[in-house]
Amino acid sequence: MLHKFDNPEGLTHWFYREWILRAEERNALYLHFTMEDNPSLSPRIRQRYRNSYSGAFYRRFVLGEWTAMRGLVYDFFDPARDVKKAPEGEMEAYVISVDYGTANPCSFGLWGRKDGVWYRMEEYYYASRRTGVQLTDQEYVEALGRLAAGRRIREVVADPSAASFITALRQAGYRVVKADNDVLCGIRVTADLLKRGRVVICEGCVDCLREMALYRWNEESGGRDAPRKEHDHAMDDMRYFCATVAAERQAGEAAFCSVARG
């Protein structure tokens, strides 16, 4: 029987426990391939992924190891080095990303593109549990309008589960795109863009920066790779933006979420 796994996963995965650890007992031939063995990746792309990955992602997708996700999700991020001032003047395009919440916090990010870089220039973050007052969809639409501040918003990238808010935004005249919500792939894309400086968090985005320092992998998720469901609202709206807007595929490159497969 032939089993082929494109990418390693966590140490509790059934294939790792039943076949990798018991290969000799099962009289199985275990062949270990790394990213270097993937003929579809050019040397330039391989170097990009070596530079882009860190922690468990690096061990999995570059070294081909079975390893658990632990610690901070964006463990490479250094505010002293990576946080910048928003560029002055008009940007080439503006997008707003939305993680919608009623009982949970609601987070919007205003993104501007300049010279191929997307900057999270400003944000809106509202926690009803902190204030004791829940806002309506219309009040959130008004808050998004204040964040836009007269800028021409190309599109709003929204939490795909926020059906009523998406309807309210469209009624207000916004072009709304439902976000790509593949969590693990989106985190990989976001990490790559942050490390390459294609996405930059600006100084005034205090809630995004606060969550970056707290956003961790869930080590008690029963073997499933997932971040903890806490300190994740600005993280989700950032991930929606990166996976849906900023992760533009370049000609000749494999889709990012398929890297190291084959």
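Predicted model: local features only at pLDDT ≥ 70, side-chain atom pairs only at ≥ 80, totals over all residues.
**Entry: the cores**

I started with the nonpolar cores. The largest one holds 42 residues, and Y74 and M238 are those with the most contacts inside it. Next I looked up where the core gets its residues. The elements that give two or more are the helices α2 (43-52), α3 (55-61), α8 (183-195), α9 (206-212) and α10 (233-246), plus the strands β1 (93-99), β3 (117-126) and β6 (199-201). Which of them gives the most? That's α10, with 8 residues.

I then clicked on Y74 to see its neighbours. Leaving out residues up to four places away in sequence, Y74 touches I187, T190, A191, L194, M212, Y215, M235 and M238.

**Entry: α6 and α7**

Now for a helix pair. To describe two packed helices, I need the angle between their axes and the distance between the axes. Here the axes of α6 (residues 137-148) and α7 (residues 163-171) come within 9 Å and cross at roughly 55°. Because of that angle, α6 counts as oblique to α7. Is the crossing left-handed or right-handed? It's right-handed.

I listed who meets whom as well. From α6 there are D137, Y140, V141 and L144, and from α7 there are S164, F165, A168 and L169. Sorted by type, the residues of this contact are 6 nonpolar, 1 polar and 1 charged.

**Entry: D232**

D232 sits in the loop between α9 and α10. Buried or exposed? Its relative accessible area is 2%, so D232 is buried, the cut-off being under 20%. Not counting residues up to four places away in sequence, D232 touches E211 and Y215. I also checked D232 against L214: they are 18 residues apart in sequence, and their C-alpha atoms are 8.7 Å apart in space.

**Entry: two positive phi values**

Last, I looked up backbone angles. N27 has a phi near 55°, which is positive, and N27 isn't a glycine. N27 lies in the loop between α1 (14-20) and α2. With a relative accessible area of 72%, N27 is exposed, because the cut-off for that is over 50%.

D115 isn't a glycine either, yet its phi is positive, about 50°. I found D115 in the loop between β2 (106-114) and β3. D115 counts as exposed, at 66% relative accessibility.

Notes: Residues numbered from 1 in each chain as written. Heavy atoms only, no water. Core = buried A, V, L, I, M, F, W, Y, C linked by side-chain atoms within 4.5 Å. Buried < 20%, exposed > 50% of the residue type's maximum accessible area, 1.4 Å probe, protein only. Helix = DSSP H or I, 4+ residues; strand = E, 2+ residues; numbered from the N terminus. Contact = heavy atoms within 4.5 Å. Axes fitted to C-alpha atoms, helices over the stretch in contact; angles between N-to-C directions. Parallel < 35°, antiparallel > 145°, perpendicular 65-115°, else oblique. Left-handed = near helix turned anticlockwise from the far one by under 90°. Nonpolar A, V, L, I, M, F, W, Y, C, P; charged D, E, K, R; others polar.
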